[in-house]
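Hi,

Here is the structure I said I would pass on. Have a look at it first, and then read on for what turned up.

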Amino acid sequence: MPELMQFLLSGVTVGAVYALVALGFTIIYNASDVVNFAQGEFVMLGGMVTVFAHHAGLPLPLAALIAILSTAGIGVALNKLAIEPARGAPVVSLIIITIGASIFIRGVTQLVFDKQLHRFPAFSGDEPIRVLGATILPQSLWVIAGAVAVFVGLWLFFTRTLIGRAVLATSNNRLAARLVGINTGWVMTLSFALSAGIGALAGVLVTPITLVSYDVGIALALKGFAAAMLGGMGNPKGALVGGILLGLLEALTAGYVSSQYKDAAAFVVILAVLFAMPQGLFGKKSTDRV
Amino acid sequence: MTVLLEIEGLGISFGGLRAVNDVSFRVNPGEIVSVIGPNGAGKTTLFNMISGIYKPGAGRVRLMGEDVTGISPHLLARRGMSRTFQNLQIFQSMTVLENAVAGYHLQESGSVLADLLGLPASRRRAAAAREGARQLLERVDLARAAEMEAGSLSYGALKRLEIARALALNPKVLLLDEPAAGCNAVETEEIDHLIAEVAASGVAILLVEHDMKMVMRISRHIVVLDHGEKIAEGDPATVSRNPKVIEAYLGTQAEDAHAHG
């Protein structure tokens with residue numbers, strides 16, 4: 001029993017990270033139909049910039065803030081320099097551009113920083129907390145709380161605020177959105193900033209547990225993408241549930257079968273779900289009419 | 001009376017093709033002006049230039065005396081220009097009501113924080129938008145479909161929904177691209193009344209329409225395009241007697257008659 005509890009706790013922690021990455025995917029996807037494969041790089045940048053700002057002598061909260069803001073800036077730059085000039089290109093081309101951007105960001109990070117693994121101290125110490133015979137790191141609670149807070153914030157943003165609904169309107173029909181006075185260019189800028197900022201936040205939260213180096217983004221982007229697809233791309237609820245489910249699947253497979261199979265098991269389950277529900281668990285059926 | 005919309009020497013070419021060339025006319029408040037012409041005459045292209053979808057190659061568009069040539073559609077919406085599309089631009093996966101509410105986007109602007117906290121002011125704005133949207137849906141006879149997904153409506157109903165959304169912007173100039181296309185006789189008459197009503201409230205209306213009976217019935221002024229050029233303009237009676245217009249519409253027949261005569 002304590003064993004199961006341990007697997008569940010670590011699954012939820014990993015799942016919360018996937019959920020944060022998936023939420024980042026959700027925003028850009030909602031605004032532009034683009035799946036941004038540089039999302040993992042945002043997470044990596046969040047960790048790396050915090051590490052180096054902290055080493056330079058800044059207090060950790062300030063270093064984290066700088067990391068989040070500068071990553072948001074890089075997100076905006078990605079949109080302005082790479083996505084916007086290709087406006088009108090098919091979505092697939094835009095997605096390939098984001099893959100290119102991901103490779104580029106990784107390369108530049110390697111040059112500007114280094115290729116080493118880094119970490120900074122956990123926010124509330126490293127003393128494990130005992131829960132029902134299992135243990136959880138205080139930092140894991142930070143990660144889980146971060147994912148929940150971002151989810152609630154996004155949910156309110158999309159359902160309650162005018163700008164949030166403008167983002168949804170833009171994704172639904174860009175031309176119609178412009179006709180009712182929505183500045184779709186600004187919507188895109190905001191989406192990339194928000195998405196990159198959330199990715200960076202994930203990086204800040206998780207680095208004390210998993211460490212960070214220039215190349216941690218690829219795996220995270222893949223898992224976050226899988227989580228978003230599992231939950232239903234574009235739906236914040238789907239991103240959260242998909243992320244946590246994926247984390248749990250991995251932890252349980254690693255615990256009861258073998259850690260070598262954890263990725264495979266997770267992807268097999270995702271494939272099975274998508275066979276039965278191609279739109280994901282919470283995805284809307286698409287009703288495009290020609 | 002001030003001119004609401006003034007088109008001066010508007011033109012555009014695609015590659016070597018001159019789609020529209022040197023077209024000028026004006027629309028006054030409360031006036032319904034129709035643009036007619038055979039298929040491919042450049043009517044929709046002209047609309048796209050006026051509404052900022054295309055940047056004109058030549059000429060100017062003035063809205064209430066201000067030069068708005070080539071500025072983007074969302075800024076034109078802010079300045080009081082609203083339009084519908086021949087091939088519909090609807091938020092397909094939103095409900096009918098949400099589509100209409102979207103038209104209130106500009107009037108609803110408030111702070112993100114007030115929205116997030118659900119402050120009374122932002123709740124009031126949202127409620128006002130919903131109420132206004134419901135009334136508009138009533139006006140275009142779609143109130144019963146308010147909660148349906150827009151994508152599931154018939155073509156004629158979507159046409160009316162698009163008009164409702166355009167009206168939600170409370171425009172000073174309204175561009176309607178074939179509002180009656182795909183509508184039956186009864187629906188067409190309803191749209192007729194709606195357009196006349198809107199014009200009566202002082203809105204300048206520019207219309208592209210193939211239903212000649214409708215055009216002749218409601219237009220104050222008609223502009224005739226052929227091969228991208230303005231070949232005639234005037235009131236319905238004058239235009240319908242104009243030999244150039246008759247030739248443009250019945251060209252081959254007239255030539256045939258001549259050849260055989």
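Before the first number, one term: a residue counts as buried if 20 or more other C-beta atoms lie within 10 Å of its own. By that count, 52% of the 290 residues of chain A are buried. Do keep in mind that this is a predicted model.

Let's start with chain A as a whole. Now take the contacts in chain A between residues at least 6 apart in sequence: 75% of them join residues at least 24 apart.

Next, zoom in on two helices of chain A. How do helix 5 and helix 6 of chain A cross? The axes of helix 5 (residues 138–160) and helix 6 (residues 162–172) come within 5 Å, at a crossing angle of roughly 75°. These two helices of chain A are therefore roughly perpendicular to each other. On the helix 5 side, the contact uses Phe157(A), Phe158(A), Thr159(A) and Arg160(A), while helix 6 brings Gly164(A), Val167(A) and Leu168(A). Sorted by class, the residues of this contact are four nonpolar, two polar and one charged.

Helix 5 and helix 6 of chain A turn up again where the chains meet. There, 22 residues of chain A are in contact with 27 residues of chain B. On the side of chain A that touches chain B, helix 5, helix 6 and helix 7 (174–179) each supply at least two residues. The largest share, five residues, comes from helix 6 of chain A. This side of chain A has ten nonpolar, seven polar and five charged residues.

Finally, find strand 3 (residues 32–36) in chain B. Is it buried or exposed? Five of its five residues are buried, so strand 3 of chain B is largely enclosed by the rest of the structure. Ile32(B), Ser34(B) and Ile36(B) are buried on one side, and Val33(B) and Val35(B) on the other. Strand 3 of chain B pairs in the parallel sense with strand 8 (residues 204–208) over four bridges, where Val33(B) has Leu206(B) as its bridge partner. Strand 3 of chain B also pairs in the parallel sense with strand 9 (residues 221–226), over four bridges, and there Ile36(B) is partnered by Val224(B).

Cheers

Conventions. Residues numbered from 1 in each chain as written. Chains lettered and ligands numbered in written order. Predicted model: local features only at pLDDT ≥ 70, side-chain atom pairs only at ≥ 80, totals over all residues. Axes fitted to C-alpha atoms, helices over the stretch in contact; angles between N-to-C directions. Parallel < 35°, antiparallel > 145°, perpendicular 65-115°, else oblique. Contact = placed C-beta atoms within 7 Å. Nonpolar A, V, L, I, M, F, W, Y, C, P; charged D, E, K, R; others polar. Buried ≥ 20, exposed ≤ 12 C-beta atoms within 10 Å, placed from the backbone. Pairing = 2+ DSSP bridges.
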